[in-house]
Amino acid sequence: MSQVTLKNRNISQGKMKSIYLEFNPAIHDIKGNSVRYECLNLEIYTNPENSQQLKHNRAVEEIAETIRCERYLQLVRHDYSFLAKARLDEDFLEYFRMNGDCHGAKYQSSRLHFERFCKGQCKFRDINASLCERFRLYLLRAKGCSTPRKSYPRTLQVHISMHSLALSILPIGTIFFLKTTQHAWKR
């Protein structure tokens, strides 16, 4: 299990300390890069000279501890969305187009159905387990998903489309959700 530790380092010629989180072992972001630290942009006085600076230190340390606890709970739940803050407002459909089409016809089909489902608009922040469940139901009812007699059963086609979507970008927690509910898709 990952540990999340509060650490600090001297800044401003030793008058202030910057607080950051350390993840041990390191966790991996969406691109597969190893992430060991998260800067919290919080600062405390190294040697508080009066009661106001001491109050400031206590308040900031309390905030930092709250953030540490939140990160720990997110890691326990396999929710790594905090690693992708900068990408949350980017267009997921564009990412799916750029990275999914090179994997073959099943990915392209999944993308086209997902674009229809989202009506052409979907940001990274919109993707969660609820959206995946609605997309699964959409695939089960979609007219373009009809199957020939000797082809895969419809539920397997839905599973392949959902798997394509999950592999393209979803956070690990959502992929875990998909894996735990896949037995329901085979009905």
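Are Arg71 and Glu38 buried or exposed? Both Arg71 and Glu38 are buried (under 20% relative accessible area with a 1.4 Å probe on protein chains only; exposed is over 50%, partly exposed in between). The model is predicted, so local features need pLDDT of at least 70 and side-chain atom pairs pLDDT 80 or more, while totals for chains, interfaces and linings use all residues. Residues are numbered from 1 along each chain as its sequence is written, and side-chain values use heavy atoms, without hydrogens and water.

**View A. Arg71 and Glu38 form a salt bridge.** Their N and O atoms are 2.8 Å apart (a salt bridge puts a side-chain nitrogen of Lys or Arg within 4 Å of a carboxyl oxygen of Asp or Glu). Arg71 sits in helix α1 and Glu38 in strand β3, so the pair ties together parts 33 residues apart in sequence (helices, H or I of at least four residues, and strands, E of at least two, are DSSP runs numbered from the N terminus).

**View B. Lys7 pairs with Glu22 in a salt bridge.** Here the closest N and O atoms are 3.2 Å apart. Lys7 is partly exposed at 32% relative accessible area, whereas Glu22 is buried at 16%.

View C. Look through the whole structure and you will find zero disulfides.

Notes:
A disulfide is a pair of cysteine sulfur atoms within 2.5 Å.
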